Amino acid sequence: MNDAASYIEPDREEILEIHRRLVDAYGEPQPPSHRDPLAELVNTILSQNTNDNNRDLAYDQLRERFPTWAEVRDAPTEEVVEAIRPAGLAPTKGPRIQGALERITESQGKLSLEFLRDLPLEEARDWLEEIKGVGPKTAAIVLLFALRRPAFPVDTHVHRVTRRLGLIPEPTSRAKAHTLLEALVPQDLYYPFHINIITHGRQICHARTPECEACMLQDLCDYYRAQRKTKEAKDGP
Ligand code: SF4
């Protein structure tokens, strides 16, 4: 794969071609019509290090037990922890959620993140990332999914697949990948590109054994080219 020295930044055509092939394979995902940014924030904190089913179960239990965000904020922490247990890491996530709700209340005088719609993007991002337990991915998800702001979230699948494809240099950290991919991917494609790369990572470009022979991106992929070269050097062309 490419290291920082051999990295060649892909051009817009290459990104568009990858997007087209992913859409052919997985369809064109449409952004959700309306999501409350505060609900999105809590949901995303719950999703850290777990799967969608467990996250949804925890979220539903939390809302059932505490119908308003003020009740979640003011509840004894152990009760919040108990309600979100299906999401895993509940003793960490419970205080994080309550801490986020407290910070929003202190700053805004109410439990709402709607004010982020009107802040300059970098200010909105910084504001979110100042909340304990909120990193670049969580902030970008809230901004993109709920507020339709141009932020590109990088999860473990996006990080792995985009490095293998050579869209970003191999040693790039996940935090840095946000900045690089935001500069590379056209803003109007952030949502579908993000969703389809995740689908590709789950279905084909697995972490341990990518199914390169079944992949529609072979000819555009640095990892595939490197693997082939190594094989040819070993077996002969
Ligand atoms: S060719 Fe292999 S490594 Fe490259 S994107 Fe496809 S599955 Fe992933």
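Domain bounds here come from an automatic or database domain assignment. On that basis, 28 Å separate the centres of domain 1 and domain 2, taken over C-alpha atoms. This is a predicted model, in which local features need pLDDT of at least 70 and side-chain atom pairs count only at pLDDT 80 or more, while totals for chains, interfaces and linings use all residues. Residues are numbered from 1 along each chain as its sequence is written.

**Overall architecture**

- The protein has 12 helices and zero strands, where helices (H or I, at least four residues) and strands (E, at least two) are DSSP runs numbered from the N terminus.
- The C-alpha trace spans about 65 × 35 × 30 Å along its principal axes.
- Of the 237 residues, 35% are buried; a residue is buried if 20 or more other C-beta atoms lie within 10 Å of its own, exposed if 12 or fewer, and partly exposed in between, with C-beta atoms placed from the backbone.

**Domains and their contact**

- Domain 1 comprises 12–29 + 153–231, and domain 2 comprises 37–146.
- Seven residues of domain 1 are in contact with five residues of domain 2, a contact being two residues whose C-beta atoms, placed from the backbone, lie within 7 Å.
- On the domain 1 side, helix 10 (174–184) and helix 11 (190–203) are the elements that give two or more residues.
- The residues on that side of domain 1 divide into five nonpolar, one polar and one charged; Ala, Val, Leu, Ile, Met, Phe, Trp, Tyr, Cys and Pro count as nonpolar, Asp, Glu, Lys and Arg as charged, and the others, Gly among them, as polar.

**Nonpolar core**

- The largest nonpolar core has 56 residues; such a core is a set of buried Ala, Val, Leu, Ile, Met, Phe, Trp, Tyr and Cys residues joined through C-beta atoms within 7 Å.
- The residues with the most contacts inside this core are A100, V142, L143 and L144.
- Helix 8 (residues 136–146) supplies the largest share of the core, eight residues.
- Both domain 1 and domain 2 give residues to this core, so it lies between them.
- Leaving aside residues up to four places away in sequence, V142 touches P37, E40, L41, T44, L128 and L147.

**Loop residues with positive phi**

- Most residues other than glycine have a negative phi.
- L89, in the loop between helix 5 (77–83) and helix 6 (90–108), has a positive phi of about 50°.
- R148, in the loop between helix 8 and helix 9 (156–165), has a positive phi of about 55°.
- L89 is partly exposed, with 16 other C-beta atoms within 10 Å, and R148 is partly exposed, with 15.
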